[in-house]
Amino acid sequence: MHHLLTLDGLPRATVVGLLDRAQHFADTPGDFDALRGAAVCTLFFEPSTRTRMSFQLASQRLGAHVLNFDVSTSSARKGETALDTMRNLEAMGVRGFIVRHHDDGAVARLADAARPETALLNAGDGRSNHPTQGLLDMLTLRQAKGDDFSRMRIAIVGDVKHSRVARSDLHALRALGTGDIRVCGPASLLPDDGTLADCNVTHDVDEALDGVDAVMTLRLQRERMEDGLVDSLEDYHRHYGITAERLRRAAPDAVVMHPGPINRGVEITDEVADGPRSLILRQVANGVAVRMAVLERLLGR
Amino acid sequence: MHHLLTLDGLPRATVVGLLDRAQHFADTPGDFDALRGAAVCTLFFEPSTRTRMSFQLASQRLGAHVLNFDVSTSSARKGETALDTMRNLEAMGVRGFIVRHHDDGAVARLADAARPETALLNAGDGRSNHPTQGLLDMLTLRQAKGDDFSRMRIAIVGDVKHSRVARSDLHALRALGTGDIRVCGPASLLPDDGTLADCNVTHDVDEALDGVDAVMTLRLQRERMEDGLVDSLEDYHRHYGITAERLRRAAPDAVVMHPGPINRGVEITDEVADGPRSLILRQVANGVAVRMAVLERLLGR
Amino acid sequence: MHHLLTLDGLPRATVVGLLDRAQHFADTPGDFDALRGAAVCTLFFEPSTRTRMSFQLASQRLGAHVLNFDVSTSSARKGETALDTMRNLEAMGVRGFIVRHHDDGAVARLADAARPETALLNAGDGRSNHPTQGLLDMLTLRQAKGDDFSRMRIAIVGDVKHSRVARSDLHALRALGTGDIRVCGPASLLPDDGTLADCNVTHDVDEALDGVDAVMTLRLQRERMEDGLVDSLEDYHRHYGITAERLRRAAPDAVVMHPGPINRGVEITDEVADGPRSLILRQVANGVAVRMAVLERLLGR
């Protein structure tokens with residue numbers, strides 16, 4: 001594994017190996033030396049303080065020097081291409097790039113042009129991939145439900161069409177051999193391009209939740225409303241929002257997840273988000289551990 | 001001491017203990033290990049590069065990983081509450097939060113909602129508290145005037161009404177049993193809510209300065225003029241500005257302090273600010289030492 | 001050497017000593033301890049993410065604590081002078097300042113007012129000096145062409161008039177006793193103040209390139225066009241752009257340099273910039289090594 005661009009097609013053993021190592025980091029406080037003396041750079045063409053800080057903490061705990069380059073707010077970078085930026089930082093000695101970009105495939109294109117010793121870590125590109133989110137969601141599921149994914153029933157609810165989180169979750173769930181993957185959302189927010197080929201697709205959330213072990217909700221961007229893909233946030237919540245009542249359809253010990261940041265009262269009620277079945281903050285915690293595992297794998301000595 | 005939210009009501013022994021430890025840090029160059037491996041985050045809802053950097057240096061000298069989160073300039077944080085932000089960073093493993101907020105009590109409210117292992121450090125909230133400024137001012141006074149505060153005569157001059165610095169100074173001066181606390185400013189800039197109950201209040205700066213050991217001046221925000229609380233900066237300076245001439249009323253070895261940044265020629269003349277009696281840069285230096293002492297106390301192993 | 005403000009007048013032995021030490025850093029991966037526990041601050045009154053990051057990496061590899069202060073985007077700094085900012089940071093314990101400023105001489109003025117233990121490192125002031133760029137260009141030349149500068153023929157092409165890079169290159173080339181320094185550009189972009197006294201000046205780029213060992217191109221700011229100093233970017237490129245064809249006039253093993261960021265197709269074609277004779281990324285790599293050598297010299301134990 002030279003870069004981490006996607007979870008699509010990753011062997012089960014690779015995913016399990018990363019999860020095992022991440023669990024070790026989650027269980028072990030303090031710092032490690034795997035990246036001591038190495039320089040990594042967060043290169044975000046789309047701003048996200050939260051994700052950036054998670055990667056920053058992961059890098060720091062491994063002993064790396066971290067540079068933060070928020071291209072969206074940098075006045076200096078106008079007119080320079082992403083490629084020139086990467087090449088300059090490579091020349092300065094940066095070995096790892098944690099890249100978020102609004103364009104599908106942008107991170108893979110950078111990886112194609114990178115030096116042999118450079119590692120690219122996709123922190124989200126377009127609607128395509130957010131592999132560390134997929135991994136942290138699997139770690140969270142495994143902690144709650146054990147490691148036999150073949151017996152799991154998982155519902156993914158929301159705007160799957162525009163979600164790189166959903167795509168990476170699907171890649172990871174497949175890699176781990178998940179038994180029953182259900183996908184639910186309004187027709188306008190579900191992809192019709194084969195992404196959901198092996199999933200049980202429904203527009204009825206009660207049907208989707210019936211007996212499931214976990215509900216993975218997705219963030220609804222406000223612009224979906226502006227684009228006419230949903231009528232209103234209230235309407236979306238009425239049909240697809242996860243409420244305590246709706247959750248009674250799921251298995252008695254079902255858990256609820258969300259990649260954050262939450263639109264409270266839209267995708268999920270406060271009661272559920274802050275309730276005993278919510279794993280949302282556990283997901284955030286696992287994010288640092290998973291990113292440490294990936295960084296160590298790509299850049300560790 | 002679990003958080004540092006206010007100096008109000010803090011026992012004398014606690015204040016003295018922190019000052020003693022801060023003096024040790026001020027006297028000892030180089031780095032310490034008390035926060036090695038711990039992550040702290042500066043969470044500033046009101047921007048202040050200077051105060052943020054002081055806390056950052058203090059954290060770095062103790063070996064911590066430091067994240068800087070300037071909420072006021074973060075494009076990503078719109079719509080997320082301060083509480084959600086803190087909870088997410090807590091989940092990532094951040095143990096200490098250094099928070100500045102424009103609302104009175106905002107930091108205390110975050111502390112109420114924090115995890116048991118989290119420590120909050122108030123870096124200024126509304127007009128209420130700026131406890132590390134109070135402590136660094138006491139350290140500065142003690143270095144210059146010895147540790148018997150009962151014999152000290154201190155004048156606080158300026159916009160006390162809107163000043164969290166003045167309130168924290170008053171808390172600290174009382175905790176240390178200061179003999180004579182005088183407060184001086186125009187009626188429009190003095191609080192009438194009991195804050196000054198045990199102080200000698202006057203509107204005449206010459207009276208306030210008569211024989212004092214130290215003059216603590218306060219920053220005058222330009223908006224006080226816009227709000228009609230002072231006629232003009234010139235007028236304010238004529239009546240309350242600290243000049244070399246006016247300072248002759250004070251004790252021969254009186255010192256002058258200011259929390260910065262200075263409005264030169266308004267609260268204080270260049271001659272006094274840069275003169276031999278000014279402790280203004282000493283205050284800045286002591287700021288790092290005091291913040292190290294507080295961080296070690298709250299987060300040290 | 002207490003500060004590094006300019007290369008003008010620096011003894012040859014000092015330049016060679018810095019280049020030798022930089023070469024050692026370039027050859028040796030990993031971190032060093034020379035600045036362990038010391039705090040340095042990048043203080044940029046003119047934004048430049050690339051240069052700032054190069055200095056940041058250099059400081060981190062030496063073990064320093066690094067503060068980044070981008071004055072141009074800091075909302076908090078309005079109204080405070082550069083001098084007050086430096087004095088406050090000095091008081092906090094910052095020992096090294098890496099300063100970029102739009103005004104000629106601004107860094108030298110700060111150096112005059114600094115404490116005896118403070119070191120200033122000029123990261124570019126006005127059109128006057130950019131000494132670390134001059135040094136990294138010399139290191140790059142030396143790696144490619146050996147250390148006998150007296151036999152070298154060097155052409156500097158472009159907007160020399162407004163370029164601090166060109167001035168520092170000229171200082172360094174003279175210190176090393178370069179045999180033949182040619183300067184080429186349109187009359188509107190060449191200084192007429194004695195700067196080029198000992199250079200072979202021409203407006204004909206083919207003449208300038210004839211038989212040279214190295215071509216140092218300079219960035220053309222778009223504002224030169226707005227100011228009427230060049231007719232158009234196309235026109236500039238036609239007359240002064242470095243193309244593969246034009247480069248045939250130079251020595252067979254001639255190299256091409258550019259301080260970056262490149263205006264592709266203006267100062268230089270893609271073919272040359274990305275071709276085998278380009279040392280542009282080598283310059284970037286040498287930047288970190290040279291800055292380490294300077295920081296160690298000014299601030300090392």
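## Interfaces, sheet and loops

Where chain A meets chain C, the contact takes 20 residues from chain A and 17 residues from chain C. The coordinates come from a predicted model, and the totals for chains and interfaces use all residues. Between chain A and chain C an area of about 1600 Å² is buried, and carbon and sulfur atoms give 60% of that area. On the side of chain A, the residues that lose the most area to chain C are H65(A), L67(A) and M92(A), which together make up 36% of what that side buries.

One salt bridge is counted between chain A and chain C, and R264(C) forms a salt bridge with D84(A), with the closest N and O atoms 3.2 Å apart. Three residue pairs are found in polar contact across the interface of chain A and chain C, both residues of each pair being at pLDDT 80 or more. Among the elements of chain A, β2 (65-70) and α3 (82-92) each supply at least two residues of the side that touches chain C, and α3(A) gives the largest share of that side, with six residues.

One salt bridge is found across the interface of chain A and chain B, and the side chains of R264(A) and D84(B) meet in a salt bridge with an N to O distance of 3.2 Å. The count of residue pairs in polar contact between chain A and chain B is three, with both residues at pLDDT 80 or more.

| Residue pair | N to O distance |
|---|---|
| R264(C) and D84(A) | 3.2 Å |
| R264(A) and D84(B) | 3.2 Å |
| R164(A) and E46(A) | 2.8 Å |

A search of the whole structure finds 51 salt bridges over all chains. One of them joins the side chains of R164(A) and E46(A), at 2.8 Å from N to O. Because R164(A) lies in helix α6 (residues 164-175) of chain A and E46(A) in the loop between β1 (39-44) and α2 of chain A, this pair ties together parts that are 118 residues apart in sequence.

In chain B, four strands form an open sheet in the order β2-β1-β3-β4, and their pairing is parallel. The edges of this sheet are held by β2 (65-70) and β4 (119-125) of chain B, each of which has a single partner strand, so one side of each is left without a neighbour in the sheet. From one strand to the next, the twist averages 15 degrees. Strand β1 (residues 39-44) of chain B is joined to β2(B) by six bridges, the two running parallel, and A39(B) stands opposite H65(B) in β2(B).

Helices from two chains lie against this sheet. Helix α2 (residues 49-61) of chain A lies across β1, β2 and β3 (94-101) of chain B, running at about 170 degrees to β2(B). Helix α4 (residues 106-113) of chain B packs on the sheet and touches β3 and β4 of chain B, its direction making about 170 degrees with that of β4(B).

Finally, two peptide bonds deserve mention. Most residues other than glycine have a negative phi, and most peptide bonds are trans. The peptide bond from G260(A) to P261(A), however, is cis, with omega near -10 degrees, and P261(A) lies in the loop between β9 (255-257) and α11 (270-273) of chain A. In chain B, the peptide bond from G260(B) to P261(B) is cis with omega near -15 degrees, and P261(B) lies in the loop between β9 (255-257) and α11 (270-273) of chain B.

Technical notes:
Residues numbered from 1 in each chain as written. Chains lettered and ligands numbered in written order. Predicted model: local features only at pLDDT ≥ 70, side-chain atom pairs only at ≥ 80, totals over all residues. Heavy atoms only, no water. Pairing = 2+ DSSP bridges. Axes fitted to C-alpha atoms, helices over the stretch in contact; angles between N-to-C directions. Contact = heavy atoms within 4.5 Å. Buried area = accessible area lost by both parts, 1.4 Å probe. Salt bridge = Lys/Arg side-chain N within 4 Å of Asp/Glu carboxyl O. Polar contact = N/O pair within 3.5 Å; in protein donor to acceptor, adjacent residues only side chain to side chain.
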